[in-house]
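User: Could you walk me through reading the surfaces where protein chains meet DNA and each other?
Analyst: Gladly; let's look at the model together.
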Number of protein chains: 2
Amino acid sequence: MDLDQLHTFLEIVRLKSFSKAAQTCYRTQPAISAQIRQLEQELNTTLFERLGTRISLTVAGRIFAEHAEQILALRRRAQDAINELEKVPRGELVIAANEATCIYVLPGVFSEFKKQFPNVQLLVDRAYGTRVVQAVLDNLADFGITQLPVQEKKLQVVKIHTDEIRLLVPGGHPLEGRERVYPSDLLGEQILLPKTGTTRARLAVWLDPVFDELNISMELDSTEMIKRFVMAGLGLSFLAVSHCREEVSSGKIGSVPLGPEPMIRRLGLIYRKDKSLSKAALGFVQGTLANAGSGIIEIPALQRVRATGD
Amino acid sequence: MDLDQLHTFLEIVRLKSFSKAAQTCYRTQPAISAQIRQLEQELNTTLFERLGTRISLTVAGRIFAEHAEQILALRRRAQDAINELEKVPRGELVIAANEATCIYVLPGVFSEFKKQFPNVQLLVDRAYGTRVVQAVLDNLADFGITQLPVQEKKLQVVKIHTDEIRLLVPGGHPLEGRERVYPSDLLGEQILLPKTGTTRARLAVWLDPVFDELNISMELDSTEMIKRFVMAGLGLSFLAVSHCREEVSSGKIGSVPLGPEPMIRRLGLIYRKDKSLSKAALGFVQGTLANAGSGIIEIPALQRVRATGD
DNA sequence: AGGCATCCATCAATATTTCTTCTGGAGGAT
DNA sequence: ATCCTCCAGAAGAAATATTGATGGATGCCT
């Protein structure tokens, strides 16, 4: 059953004539006859009484006409809903990110995004480290926000945020105020290390020269715990500046750049290259960029971008 | 847009795979791809994200899926309603008949019919004489009940009721109890005649030998008026026995057969030969026959009977 | 009544659409 | 690396729709 047949049928009903309907349907009269014949066969009933020169609806025809109207109305509503989607995106976007990102990066991005796309629901999939990448690869999340670098040919990576990992010391600690610290400065101090993740790995490299001599008192896996433990004087640790801005400016915690080069931490937005970015998704990418103040970058086209191997 | 495409689309959604849907739709996979491609073109959107080996619905696809479900459900309901129609006819039948028929013939037929087809509404088009025939010819009425003979090649005529026209005299009148009366017996009596119609014409023929000598005091066009006028002693008249059964059996009116041959009045059910008789219509014809006790006659087949010239 | 115009059904030829088969590229699993 | 699965594309085949011509029936007009 073709919706065209329904339209034809209703035109006949409206005009009470096959041949008149043929004109408004831009077909010939035999074509109309054929369509109705087929419709009647499919429904296994007669829709029209052929009374000499005139036609009239049968009871079945009248009943079917009502349904046909509804079906076509539904068809129009479907098209309208889809068209509306272009203008006012709706639906949901799933963002995978680790806890710290959720707390320190997403709020700003989200509030901006919500203004622009009030009908798009943002769902956060709080995931750790590599699980962010995996969630995006598995299409469980539309986007991921994670620490760079990410080495996945299938993923598009967009730098959105630059941060710096610094040494955290309790307020008033002798190292506070230093221009930078070196691994050897930490000898004799209690050290708290993040348990896992990219930052941990990078710190291991940085600390390598003196690693065996260090006094690593604890391994923690929560930003919040690290801050509280440092403030409590239980040791020194490392954290991205954006994750402890408040505590630093209020003097509760001191942060000292690592040396000889500051340890830069870059966050990136990642998504599958073969993902077709909806209006909302595109808006999210751009909103994320704008919020991070990283300027405009090239975004792969909206429609179906197949992986090309970069 | 073909409903087949919608079914295919929903199968893909259900099975999350083009090739699996191909199996349940008894098609090859490229055919499925083509259907979806066409659907996407017609809707001017993408319905699926092609993510490497896997696919997933786009937002538009999800919205369209809901509508597609509804459309197919509506399609099913339409079919159900039509099928139901076969089992439990509904709708309406328009019966054209003159007043007397309405009063003395239809009630019995209708009550029987309503038991069998409670969902079919019977509408009575109270019409006079030839207007009954015309209403049926114009398809303003599905059936007509009228006095025979009817000479219309386009109409199917079914005899349903045999009646007799008799002379009506007030109770106690000298002519009451006569085995039959002849036109000459009416000389010197006040005569009330029906104003129009077949009966009037036949009476005119019967009365012809003495017509000029008759004292025709009134012409009436209502069965009820004729009876009351006769009972009031205002004259003698003529009526079908079935129209005055009560008054006769209670002795208020006497009825005397006409001579030399009783004047037989035959009622017939008429309908267009090219009318496709619905279950309900067929039921009405048979019910009418049964009620009239005329036995079973041949009814033209249910489906579209074209006029063949009898 | 006869002639003309209209209406729908039917038929054969053609045009179009929609399948199927075969093929290819990409991705994932072993 | 290799095999398997998945979807997309091209070409030929099959099915389907459309057209134009025709015919029967009807209604209208003279």
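User: Which elements each supply at least two residues of the surface near DNA strand C?
Analyst: First, the ground rules: this is a predicted model, where local features need pLDDT of at least 70, side-chain atom pairs count only at pLDDT 80 or more, and totals for chains, interfaces and linings use all residues. Residues are numbered from 1 along each chain as its sequence is written, while chains are lettered from A and ligands numbered from 1 in the order in which they are written. Helices (H or I, at least four residues) and strands (E, at least two) are DSSP runs, numbered from the N terminus. Here, α2 (18–24) and α3 (29–43) of chain A and α3 (29–43) of chain B each supply at least two residues. The largest share, five residues, is from α3(B).

User: How many residues surround DNA strand C, and which are the closest?
Analyst: A residue is near a strand if its C-beta atom, placed from the backbone, lies within 6 Å of it. For DNA strand C there are 20, and the closest are F18(A), S19(A), P30(A), S33(A) and G52(B).

User: What about DNA strand D: which element gives the most to the surface near it?
Analyst: That is α3(A), with five residues. In total, 20 residues surround DNA strand D, with F18(B), S19(B) and P30(B) among the closest.

User: And how many residues of chain A are in contact with chain B?
Analyst: Contact means C-beta atoms, placed from the backbone, within 7 Å. By that rule, 36 residues of chain A touch 38 of chain B. On the chain A side, α4(A) gives the largest share, 15 residues.

Definitions and conventions. Contact = placed C-beta atoms within 7 Å.
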